[in-house]
Amino acid sequence: MKRIALIAVAALIFVVVATVGRFYLLGDPESGSASVGTVSIGGPFTLTDQTGKVVTDADFSGKYMLIYFGYTYCPDVCPTSLSIMSDALDQLSPAELDKVVPIFISIDPERDTSAALADFVPHFHNKLVGLSGTPEQTKAVARAYKAYFAKVSGEDKGDAYTMDHSSITYLMGPDGKYVAHFSHGTKADVMAKRLAEIL
């Protein structure tokens, strides 16, 4: 009898986890945000670029967006990922490169002002667009892209805190829909090859 009860509990847990996981990855099936079998990543956003101009996802319509979420104070992961992105872009032909807009979206709205982004993005690629927003805008765009971030707790360092965050580079199509992603550590030549195949 105990064994049957344990099996029933295990089955219930599996159903709950599967349902929550599907909702998280595929979106709310009742909202029409995604069809079965399609990963729901991306969506509308309003942010501010490194020049202080307010931009939306519509400003990049017709171009592929290569998007990375991070922050300018990041000690290692962000610079590494952005350097790999930059190296991959430099391996594309001029015609291929013209189809892509590399975008860095800050998950640290407290420190990453337009001025901070203007100092930061030129270190990586001359086409790199830096975007930041209010805390609410930042949460909304991160949620749309399933990007995780959180301020590291237990740090009492004023402005010298660090952030935990996912490290994924997203490739979105000219229609704004998800095309592919690259995990942290993907080599530049592998990324460049895959981009060239898609472009």
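User: Why is His-165 called buried?
Analyst: His-165 has a relative accessible area of 17%, and buried means under 20% (exposed is over 50%, partly exposed in between; 1.4 Å probe, protein chains only), so His-165 qualifies as buried. Keep in mind that this is a predicted model, where local features need pLDDT of at least 70, side-chain atom pairs count only at pLDDT 80 or more, and totals for chains, interfaces and linings use all residues. Residues are numbered from 1 along each chain as its sequence is written, and side-chain values use heavy atoms, without hydrogens and water.

User: What makes Cys-78 buried?
Analyst: Its relative accessible area is 0%, so Cys-78 is buried too.

User: Which residues is Cys-78 in contact with, leaving aside neighbours within four places in sequence?
Analyst: Cys-78 is in contact (heavy atoms within 4.5 Å) with Tyr-68, Gly-70, Tyr-71 and His-165. For His-165, the contacts beyond four places include Cys-74, Cys-78 and Tyr-148.

User: Which residues does the "binding site" annotation cover?
Analyst: The unreviewed UniProt entry lists Cys-74, Cys-78 and His-165. They are spread over 92 residues of sequence, yet cluster in space, with a largest C-alpha distance of 10.0 Å. UniProt positions follow the numbering used here, feature names are shortened, and annotations may be inferred rather than shown by experiment.
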